[in-house]
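Here is a friendly walk through one model, with a short report under each heading. Please have the viewer open as you read.

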Amino acid sequence: MSFSVTEPSNRTKWVAGTAVVLYAVITILPLMWIIATGFKSPADSISYPPKILFEPTLEGYVNLFTQRTRLNEEDLAALPPPETWYDEMVREQGQVITGASRYGERFMNSVIIGFGSTFLCMVLGTAAAYAFSRFRVPLKDDLLFFILSTRMMPPIAVAIPIFLMFRQLGLNDTHLGMILLYTAVNLSLSVWLLKGFIDEIPVEYEEAALIDGYTRFQAFYKVVLPQAATGIASTAIFCLIFAWNEYAFAVLLTSGTAQTAPPFIPTIIGVGGKDWPAVAAGATIFLVPVMVFTILLRKHLLRGITFGAVRK
Amino acid sequence: MIHTPMDKIAKATPEPMARKVRGLSDRTIAWIFVAPSIFLLLAVNIFPLIWTIRLSFTNYKVNRPNREIDFVGLRNYERILTDSDTWMTMQATAHFLIWTIVLQVLIGFALAYLLNMKFKGNDMWTTIIVFPMMLSPAVVGNFWTFLYQPQIGLFNYVVTFFTGGDPSSFSMIGDVHLAPWAIVIADTWMWTPFVMLICLAGLRSIPDSIYEAAECDRASKWRQFWTITIPMALPFLMLAVLFRGIENFKMFDLVVQLTGGGPGNTTTLTSIDLKREAFEKWRTGYSSAYAVILFVTVFGLASIYVKALNKVKER
């Protein structure tokens, strides 16, 4: 090993490592608690002291996806025997399944609106970023700053006129309305990030392509797009995560058909009071995809969260 | 490679001419590429903004569309700025803003400093620490109400495990003195990694050679920290504060799910107050004026701050 005056000693490293691991364990505890609560029975979830060891059950997940009513024992006994494992599980609580809950629907809304807005945002954002990166656009700096400033407004402040506008256009509580809205909100991020990624691709590649007889369009999609693929992919994931997590617009502008999961999850209640295992199950299903994306994105994370202001 | 006569002409002609020969000019393409984005932003951001400004001078109420709209001049602005509730809200926001930034900068910088020691596995731990900030604030806020439950909540249990006492003796979100801290803790838990990541980039941008030179001059580690590390990481720290400042000034989702603005009005941040005025009391004109005031505040503070940031960068 080479000697360096700036390299910390092994002991210092050990102390630093321990401190960081300690913080990481504390910070991950609430997350682990969400996941664990999803597998508890309602009684275990509200026990005192809080239970760390418990018998895992899928009750929370079953309750999340179903609507149930409580029956008295005679009526329960009169029913035909349960057909499925989840039927049986619900019967043991003295309840019967009356139908599917809204969770699946809300989750699908999140998927449709998330992917729809991300796709649209990438199409518009890549084109704009390419133009800002390569051409002399009049008032370029002003336009770029304008695009960034749209992100500074508090969502509630923007929501008032958007609510009025959507009502006029019949876009309130529609998938299309939410897709357009999230696309507009995410454009600032995607234009700024993608411009940074495209700036890093040497102009010489395109110039070579242009000399070889490619038109600008061809040079754009045959040379620049493949080069920018990683940047586009990570920008897309950032846009998706934003749309996925967004709450303020969703709670104000959607109620039934186009409501996404974040405003819905906190409203989950069981038969008689808050059903925390079901809430935790809903949260787990909703949060885990983002955690997977975070692992995939770790190299571009910093860039994404600072709108490309900091590049490692 | 295809050699058409067109290409030969193109190659023989000077650059600008050549481009014209090969189809659309760059200028046209630039406009085709930029226009849709600008158009969408105008439609979804600027047009509503202008509409908000116009509404802010009226007594319009969305739930009474048939009522005659009166122009009331600056009366909405006057009422907001002289209302003591507004200032209470501003105070709550300031408390939240200042303490979250202080805590996040201190903890975030310390973590970044430790991570920069490059011990084994620091990448993996960085990723684990980062998880909270990627999650949906509303869902997280909702779950923190569970963690904060007296007696059954994990938070109270862990705190009393170390300090002693009864876990049911205090309620983080039910107590007027504790609730403002409950939202600070939850936000700090969520966003410290953000500051940490930016600080880490700042620390990594300092070249080793500077430390080596300081070491040759026998500068103490303490001195190196204050004369090299801090000044060189400062622009990054300030950037982190800018982002957190703007985000927390707008804060809505996490806090509205966690405390709903209560108890009383102790955690009613400006966005929550605005939401009540606009979507519960339906005072559209009044809340439009409120929105304009907020926007001017964010924009003004951010512009001043960016100027300061640029000065620090130039140094």
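## Around helix H8 of chain B

The buried residues of H8(B) pack against two helices, H1 (10-38) of chain A and H7 (137-147) of chain B. H8(B) covers residues 154-163, and its buried residues are Leu154(B), Phe155(B) and Asn156(B) (buried: 20 or more other C-beta atoms, placed from the backbone, within 10 Å of the residue's own). Helices here are DSSP runs of H or I with at least four residues, numbered from the N terminus. Just after H8(B) comes Gly164(B), with a positive phi of about 80°.

## How to read the model

This is a predicted model, in which local features need pLDDT of at least 70, side-chain atom pairs count only at pLDDT 80 or more, and totals for chains, interfaces and linings use all residues. Residues are numbered from 1 along each chain as its sequence is written, and chains are lettered from A and ligands numbered from 1 in the order in which they are written.

Chain A averages a pLDDT (the predictor's confidence in each residue, from 0 to 100) of 87, and 97% of its residues score at least 70. Among the elements of chain A, H4(A) (residues 73-78) has the lowest mean, 80, and H6(A) (residues 103-134) the highest, 93.

## Where the chains meet

Chain B brings 80 residues to the contact and chain A brings 83 (in contact: C-beta atoms, placed from the backbone, within 7 Å). On the side of chain B that touches chain A, helix H3 (residues 26-55) of chain B gives the most, with 15 residues.

Notes. Buried ≥ 20, exposed ≤ 12 C-beta atoms within 10 Å, placed from the backbone.
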